[in-house]
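Hi everyone, thanks for coming. Let's take a look at how two chains meet.

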2 protein chains.
Amino acid sequence: MNSEDYLHIAFLLAKRANSKDIRPNPYVGAIVVDNNGEIIGEGYHQKAGEAHAEVLAINSALIKNSDLSNATLYVTMEPCSHTGKTPPCTNLILAHKIPKVVIGSMDPNPLVSGAKILSDAGVNVEIGIQPNIVELNSTFNINQLNKRPKYVLKAATTINGKIADRHGNSKWISNEKSRAYVHQILRSNADAILTTAQTVIKDNAKMNIRVPDEDAKELNLIIIDRALAVLEVQNKNLGIFYQRNRTKIYLLTDKEYTDELPKNIEIIKANFPEGAIDLSELNELLLSKNICEILVEGGGKLNATLIKQQIADELAMFICPSLLLDNEAINVFNDSEFQSIENSVQLNLTETTQYDNDIFLKYLISY
Amino acid sequence: MNSEDYLHIAFLLAKRANSKDIRPNPYVGAIVVDNNGEIIGEGYHQKAGEAHAEVLAINSALIKNSDLSNATLYVTMEPCSHTGKTPPCTNLILAHKIPKVVIGSMDPNPLVSGAKILSDAGVNVEIGIQPNIVELNSTFNINQLNKRPKYVLKAATTINGKIADRHGNSKWISNEKSRAYVHQILRSNADAILTTAQTVIKDNAKMNIRVPDEDAKELNLIIIDRALAVLEVQNKNLGIFYQRNRTKIYLLTDKEYTDELPKNIEIIKANFPEGAIDLSELNELLLSKNICEILVEGGGKLNATLIKQQIADELAMFICPSLLLDNEAINVFNDSEFQSIENSVQLNLTETTQYDNDIFLKYLISY
């Protein structure tokens, strides 16, 4: 087995964590390998505020009285070098005189310089960046580098880019398997859904997470609701008002509201320059609420806003086998400004999966 | 080897033919197998008006003095039973007392009842319909059953169903590999391109077949040109007016035109009820010109017309990794009539292939 193989084992360990337990931290896995190539310790980061992967891996090796002075530590992300909720992992590595550390991805946090510190202290540091390890932490990386949540734009369209007929009817463009994927993967990975009052009222959907043979799970919901329409009395039975124990509904508005609200509804003040919400102002607040990844399930106008404000990171698109010929049927991106072909937004296709007659396409968007 | 395996060999033989040599006939392959399971004869239909696959296969077995009285004939399509340009194959099979015939697809022509005739004459007839064999002759089957050419609708769109910006600029939405596929497969299989004068004038494309390392090939071009705009003097240098030796430009119009035309330009009278051409009236004429398969490369309006007239058989779609947010950017289907989600056109996805960041989707359309 070579370094890449050992890093892959550490990667598989890292992936065991539940994204919601570790937020806002990254997925990290680590293994300790002795000089015969045997794995003598392993660990992965399981819960924010608790032990890092390196600590768990080293401790599990120490329990067996292993000699670490000839061992190699394989870790999917550069070890931390600063004191956060736990002491720096670099100290532990140096304390146990581990002579070699192989790193699968760098920590984008500029406060972390673990690789340099270890190297300066005489540790043989090998950096072998693995694209799948970097990709696993795309949310963490965006949080750190862009100081904002990661935004995933989800849409289900006809072959010709329509999300509903001209009267707004959209049931059902995508098939059951596609909808299951939305719950099992897209919503499960997200810390909140971002949508609009219009969508919430029209579709009257619960916006929770439903996976076969499991209890429904709640999910934070951020609603762009300038007029606070969802608080109107005729909307009091909307599906989104299910019993929430651990999540909230956040209403984004520029209106003043002084009445008391149920404890799981919170108003966030936002600005709407030229009618479209300015999401960039909310970055810090959302991250402080541990909302690190947002799934956007709104209409064509919100989709266009996210692209124009250059904060949509991924597009998760189901192309479904139907056609709505009608020009007035609703577009998945709805904007009235002229855009030339030379200025069209360019994306990178990173995944294609077929669900019966639907095709799922995942794109990365760079600006 | 079982019957399916032998039929597959006959299928591979059938596919060797060049579609343009055999039109309007189907692809047919045949093999003769002796009672030890050895292939003793093979053939495929190579040119319209010349020998059928069964004749070539039987003759190639006879040359080797093979005994056919214990042999089996595997043929991809039901043997003909009527006298066309060649005598019925059923006669030949009976004359050589071949005791067993295995058939991979039925001839949709109701004049053909080869399977019944052979069976009535005491031949053991086994019918094992193979989907890939049926699919190979989809053009022939549509020609026979619907008495019209097969129409393949081709489009290259942004992720959100746009084919050009609002000023009509579309260069280049699809990538080089996708465009190569259009020439190598879609145009090469077609007997004509159907387009509009507007597209021809705007794009000023040649509309021929260009394959790397081969000379450009000419291709019939059918232009919906009610005003006969391409004949106007300012358009005399359009790319479509390349030197044509074996193909024509057909202009569809309801205008009278009495001037003399170059011999490779022909006017076809058509009707335009409510502004959109009625293609169904032209079916017989087009088939009589041996135009059995048409690739449609026009704009959104023509695309919508073909769907509404229920003659588009396949949709060959490239989804390309760009977004044009502008609502006024040009839609791949352009129609002003209301269509509800319940009445959306349903398609079947039959192929998905990735060409770098483009994804090619092929759909069958049934009405």
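Okay, one term before we start: two strands pair if DSSP finds at least two bridges between them. Helices here are DSSP runs of H or I with at least four residues, strands are runs of E with at least two, and both are numbered from the N terminus. What we have is a predicted model, where local features need pLDDT of at least 70, side-chain atom pairs count only at pLDDT 80 or more, and totals for interfaces use all residues. Residues are numbered from 1 along each chain as its sequence is written.

So which strands pair across the chains? Strand 16 of chain A and strand 14 of chain B (residues 322-323) are joined by two bridges and run antiparallel. For A:Gln346, the bridge partner in strand 14 of chain B is B:Ser322.

Now the whole interface. Counting contact as heavy atoms within 4.5 Å, 48 residues of chain A touch 49 residues of chain B. About 4,200 Å² is buried between the two chains, with 59% of that from carbon and sulfur atoms; buried area is the accessible area (1.4 Å probe) that two parts lose on being put together, summed over both. On the chain A side, A:Leu323, A:Leu325 and A:Ile341 lose the most area to chain B, together 18% of what that side buries.

Conventions: Chains lettered and ligands numbered in written order. Heavy atoms only, no water.
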